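Open the model in your viewer and keep the selection tool at hand. We will go from stop to stop, picking residues as we go.

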Amino acid sequence: MVREKTVLSIRELTVGGLFSALIAAGAFIKITLPTEPMPMHFTLQWFFVLLAGLLLDKRLAATSVGAYLLLGLIGIPVFASGGGPSYLIRPTFGYLLGFAVAAYTMAWLCERFRVAGFMRLLAVSVAGLLIYYGIGVFYYFFICRLIISKEVTWQILLFNCFLLTVAPDFGLCLGAVSVAAKLRGVVRRTLCR
């Protein structure tokens, strides 16, 4: 039985912190979509989450996205609409949770199946996209219906929470895969030194 190391090296902490900062910066590069019952944001966060999932190992990918979420929940305004613990009851917080699960899953898939090449990395990023949207849409529905008592139909969920932003997010997948295909070996060698 092989035990995974539990302590992050200085190099890993630095890279994880860099990815957390990039995801936070991506939150401020946004287009606000005036949807009902809550405005949605199209941001570049997903691009950097993709890079974390495609370039880092599963532990470091999840840690970097998790650190970003923790920073936002303790009140540092790193999310697209600010920060703080009250963000947990925003319907769109599920997409942020989806980032962490997607990053871990993409990194796990890359490790497990030794993914290399554009098409395989694209397949992994699409799997991450589906996870990210699945968690986001479910959380949106749950919070709207059970916590803030807003009526949400399946048409609103389909259009506002999926169709409106999935094509641009898929475009981010293509861009991130193009970058990751070129940087994957360099990042892996740097972290393994």
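Select Phe142. At 34% relative accessibility it counts as partly exposed (buried is under 20% relative accessible area, exposed over 50%, partly exposed in between, with a 1.4 Å probe and protein chains only). This is a predicted model: local features need pLDDT of at least 70, side-chain atom pairs count only at pLDDT 80 or more, and totals for chains, interfaces and linings use all residues. Residues are numbered from 1 along each chain as its sequence is written, and side-chain values use heavy atoms, with hydrogens and water left out.

Phe138 is exposed, at 56% relative accessibility. Both Phe138 and Phe142 lie in helix H5 (residues 118-147), four residues apart, about one turn of the helix. Helices are DSSP runs of H or I with at least four residues, numbered from the N terminus. The structure holds 15 aromatic pairs. The ring centres of Phe138 and Phe142 are 6.4 Å apart and their planes are at 15°, so this pair is stacked. Rings of Phe, Tyr and Trp (its six-membered ring) pair if their centres lie within 6.5 Å; planes under 30 degrees apart count as stacked, over 60 as edge-to-face and the rest as tilted.

Leu146 lies in helix H5 and is exposed, with a relative accessible area of 58%.

Next, salt bridges. The structure holds four; each is a side-chain nitrogen of Lys or Arg within 4 Å of a carboxyl oxygen of Asp or Glu. Select Glu111 and Lys58: their side chains meet in one, at 3.3 Å, N to O. The pair links distant parts of the chain, with Glu111 in helix H4 and Lys58 in helix H3 (residues 58-73), 53 residues apart. Glu111 is partly exposed at 26%, whereas Lys58 is buried at 14%.

Move to Glu151. Glu151 forms a salt bridge with Arg145, the closest N and O atoms being 3.8 Å apart.

Last stop: Val101, in helix H4 (residues 93-112). Val101 is partly exposed, at 38% relative accessibility. Leaving aside neighbours within four places in sequence, Val101 is in contact (heavy atoms within 4.5 Å) with Ile131 and Ile135.

Methods: Helices (H or I, at least four residues) and strands (E, at least two) are DSSP runs, numbered from the N terminus.
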